[in-house]
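Dear colleague,

Please find below the structure that I am handing over to you. My notes on what was found in it follow directly after.

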Amino acid sequence: MPSLRALGMDTPIVVSVGAGPWLRGIGFTDVREMAVGDEFEVGGVAVEAVQAHHSAFRPPAGPSAPPLGYVVRGSRSVYFAGDTDMFNEMSALARPGEQIDVALLPVWGWGPVLGRGRHLDPKRAAEALRLIRPRAAVPIHWGTYWPHALGRVLPERLVEPPAAFAEYAAELAPRVRTLPTAVGDIVAWER
């Protein structure tokens, strides 16, 4: 919540159906709820809500709302997977005659057990590339929200997931360009 509040309480926020009342109750004024298949346009860019495979529960105090990913289409297309595990319908994210330009795929989570069940780990994210078939992929969702003490115990988890993803992707989906970055880096890519 502190990160969202820092953006301003009137900043447009897109959430799953069921999460809107919770955010409005906290004071956010421009909340748009979406379900799989819903689409809206903002500034000439289309945002489509797509399925994700993850628990709907958001502890400790968050709402229970279906997980979503998003495909953003403008002059290029970007798939933001959100929190998800691999699922067969990833092969239908691109519309007929379209190819996803960039897939933003989670390659771990915030603790030592995430990456197992309902989350992608580096290898499963690379396997997902075979379904999605994007031009490029950026590993996300790793090392950012790591329990403080575990950074001392398992420091490799702060740097290992994107490198492992790039290695698996080179083997399993060699036509997809991987763009691993450090936390906070900017990715520049021209197709």
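Contact, as the word is used in this message, means heavy atoms within 4.5 Å. The model is a predicted one: local features need pLDDT of at least 70, side-chain atom pairs count only at pLDDT 80 or more, and totals for chains, interfaces and linings use all residues. Residues are numbered from 1 along each chain as its sequence is written, and side-chain values use heavy atoms, with hydrogens and water left out.

Helices (H or I, at least four residues) and strands (E, at least two) are DSSP runs, numbered from the N terminus.

Ile140 is found in strand β8. Leaving aside residues up to four places away in sequence, Ile140 touches Phe80, Leu104, Leu105, Pro106, Val107 and Trp108. The C-alpha atoms of Ile140 and Pro162 are separated by 7.8 Å, although these residues are 22 apart along the chain.

As to the sheet, two strands are said to pair if DSSP finds at least two bridges between them. Seven strands form an open sheet in the order β3-β4-β5-β6-β7-β8-β9, with mixed pairing. Its edge strands, each pairing on one side only, are β3 (39-42) and β9 (177-178). Within this order, β6 (residues 77-80) and β7 (residues 102-106) pair in the parallel sense over three bridges, and Tyr79 has Ala103 in β7 as its bridge partner. Helix α3 (residues 122-132) packs on the sheet, where it touches β6, β7 and β8 (136-140). The direction of α3 makes about 150° with that of β7; axes are lines fitted to C-alpha atoms, for helices over the stretch in contact, and angles run from 0 to 180 degrees between N-to-C directions.

Helix α3 also packs with helix α5 (residues 160-172), at an angle of about 40° and with the axes 8 Å apart. Residues of α3 that meet α5 include Pro122, Ala126 and Leu129; among their counterparts in α5 are Pro161, Phe165 and Tyr168.

Strands β1 (residues 13-16) and β2 (residues 31-34) pair in the parallel sense over four bridges. The bridge partner of Ile13 in β2 is Val31.

One side-chain feature remains. The charged end of Arg32 sits over the ring of Phe40, 4.2 Å from its centre; the rule requires NZ of Lys or CZ of Arg within 6 Å of the ring centre and within 35 degrees of the ring normal.
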